[in-house]
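Visitor: Hi, could you walk me through this one? I'd like to get my bearings before I look closely.

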Amino acid sequence: MPSCPECESALDFDEDEIEEGDLIVCDECGTEYEVVATEPLELSRKEESGYDDHDGDEHADEEEE
Ligand SMILES: [Zn+2]
């Protein structure tokens, strides 16, 4: 079972029941991870995004369509 990179506690989920795009939340620290791949399992940390999408505050150099 993978452990949380933030607090190193075990992430409690069933690997057989997750799919790409699922969200996993660490019970200990509340960090959210998105499942980006299942074989092998790969998690992407969901950064807190407290900024407004429409407001290019500092960096607006990410190109996504
Ligand atoms: Zn954690």
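Predicted model: local features only at pLDDT ≥ 70, side-chain atom pairs only at ≥ 80, totals over all residues.

Visitor: Good to know. How confident is the predictor in the protein chain?

Guide: The protein chain averages a pLDDT of 83. Of its residues, 72% score at least 70.

Visitor: What share of the residues is buried?

Guide: Buried residues come to 8% of the 65 in the protein chain.

Visitor: What about contacts between residues 24 or more positions apart?

Guide: Among contacts with a separation of 6 or more, those pairs account for 12%.

Visitor: OK, on to the sheet. In what order do the strands sit?

Guide: The order is S1-S2-S3, in an open sheet of 3 strands with antiparallel pairing. Strand S1 (23-25) and strand S3 (41-45) are the edge strands, each pairing on one side only. On average, and ignoring direction, neighbouring strands of this sheet are turned by 40° against each other.

Visitor: How many bridges join S1 to S2?

Guide: There are 3, and the two strands run antiparallel, with S2 covering residues 32-38. As one example of the pairing, Leu23 has Glu34 in S2 as its bridge partner.

Visitor: What sits between those two strands?

Guide: S1 and S2 form a hairpin with 6 residues between them. In that turn, Gly30 has a positive phi of about 80°.

Visitor: And how many bridges are there from S2 to S3?

Guide: This antiparallel pair is joined by 5 bridges. Glu34 turns up again here, standing opposite Ser44 in S3. Ala37 has Glu42 of S3 opposite.

Visitor: How many residues lie between S2 and S3 in their hairpin?

Guide: That hairpin has 2 residues between its strands. Pro40 is in the loop there, between S2 and S3.

Visitor: Is the peptide bond from Glu39 to Pro40 cis or trans?

Guide: The bond from Glu39 to Pro40 is cis, with omega near 0°.

Visitor: Let's switch to Glu32. Where is it, and what is it in contact with?

Guide: Glu32 is in strand S2. If you leave aside its neighbours within four places in sequence, Glu32 is in contact with Leu23, Val25 and Lys46.

Visitor: Why does Glu32 count as partly exposed?

Guide: Because Glu32 has 14 C-beta neighbours inside 10 Å. A residue needs 20 or more to be buried and 12 or fewer to be exposed, so that count falls in between.

Visitor: How far apart are the C-alpha atoms of Glu32 and Glu47?

Guide: They are separated by 7.9 Å, and the two residues are 15 apart along the chain.

Visitor: Is Glu8 buried or exposed?

Guide: Glu8 counts as exposed, because it has 10 C-beta neighbours inside 10 Å.

Visitor: How far is Asp16 from Thr38, going by C-alpha atoms?

Guide: Those C-alpha atoms are separated by 8.9 Å, with the residues 22 apart along the chain.

Visitor: Great, I'll start with the cis bond at Pro40 in the viewer.

Guide: Good plan, and you'll find Pro40 in the loop between S2 and S3.

Methods
Residues numbered from 1 in each chain as written. Pairing = 2+ DSSP bridges. Helix = DSSP H or I, 4+ residues; strand = E, 2+ residues; numbered from the N terminus. Axes fitted to C-alpha atoms, helices over the stretch in contact; angles between N-to-C directions. pLDDT = per-residue confidence, 0-100. Contact = placed C-beta atoms within 7 Å.
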